Amino acid sequence: MPDQKSAPKRAWQRMLSGRRLDLLDPSPMDVEIADIAHGLARVARWNGQTYGSHAFSVAQHSLLVEQIVERTVKSASPALLLTALLHDAPEYVIGDMISPFKQAIGAGGYRAVENRLQAAINLRFGLAGNTPASTKKTIKKADYVAAFYEATRLAGFDTEEAATYFGRPDNITPDGLVLDPMPTDEAQSAFLLRFETLASQFNPKRKN
């Protein structure tokens, strides 16, 4: 057993692709979409406190947010849609910490790690390392719409309670939104498929 006092502290996570992603100084070259899809499909939204035979994964939430952006933004660019799909991608490494817990412990350190991971992910796929404020605002609006419908359809919130925390969606109904929790493999495949579609539209000459 290694000496815990003398052993170097490990700040990287080994991915199934074989990559070692440094959490403190992440390199875009160590980011692989297969690892992201695999991880996000296995991270549960709402700490797993949702109805259904399967968890509602962050992968499926990401697909939902991207779907809402596509529906609400006229002529949304592939770059915007790809950014929306990847908006929670750091959670493939650090998990989905629910907002009340972030507030309870203070989210400064968590947010710094999250921001560095997001920048590395964005750069890996040709997006701006620092997402423009206007893009963040658009995606956050869609995120709140997604959270409202997830809360009321899956997480046991009543309409008024959900509206208090997430706002009441304007001019967008849940019709056609994919809110039925998917099995892990299905969510992973759907995320990968949507990524490949958007990435090829964003960069037609893209190579994996």
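Helices here are DSSP runs of H or I with at least four residues, strands are runs of E with at least two, and both are numbered from the N terminus. Hi everyone, with that settled, the chain has nine helices and two strands. Reading from the N terminus, the order is β-β-α-α-α-α-α-α-α-α-α.

A word on provenance: this is a predicted model, where local features need pLDDT of at least 70, side-chain atom pairs count only at pLDDT 80 or more, and totals for chains, interfaces and linings use all residues. Residues are numbered from 1 along each chain as its sequence is written, and side-chain values use heavy atoms, with hydrogens and water left out.

Now the overall picture. Of the 208 residues in the chain, 42% are buried, meaning under 20% relative accessible area, with exposed being over 50% and partly exposed in between, for a 1.4 Å probe and protein chains only. Taking contacts (heavy atoms within 4.5 Å) with a separation of 6 or more, 66% come from residues 24 or more positions apart.

Staying with α3, how does it pack against α9, residues 184-202? The angle is about 150°, with the axes 9 Å apart; axes are lines fitted to C-alpha atoms, for helices over the stretch in contact, and angles run from 0 to 180 degrees between N-to-C directions. The two are therefore roughly antiparallel, a label for angles over 145 degrees. On the α3 side the contact is made by P78, A79, L81, L82 and L85, and on the α9 side the residues include F191, R194, F195 and Q201. By class that contact has ten nonpolar, one polar and one charged residues, with Ala, Val, Leu, Ile, Met, Phe, Trp, Tyr, Cys and Pro as nonpolar, Asp, Glu, Lys and Arg as charged, and the others, Gly among them, as polar.

Last, some backbone angles. Most residues other than glycine have a negative phi. N47, not a glycine, has a positive phi of about 55°, and sits in the loop between α1 (33-40) and α2. S75 also has a positive phi of about 55°, in the loop between α2 and α3. Is S75 buried or exposed? S75 is exposed, at a relative accessible area of 70%.

Terms used: Parallel < 35°, antiparallel > 145°, perpendicular 65-115°, else oblique.
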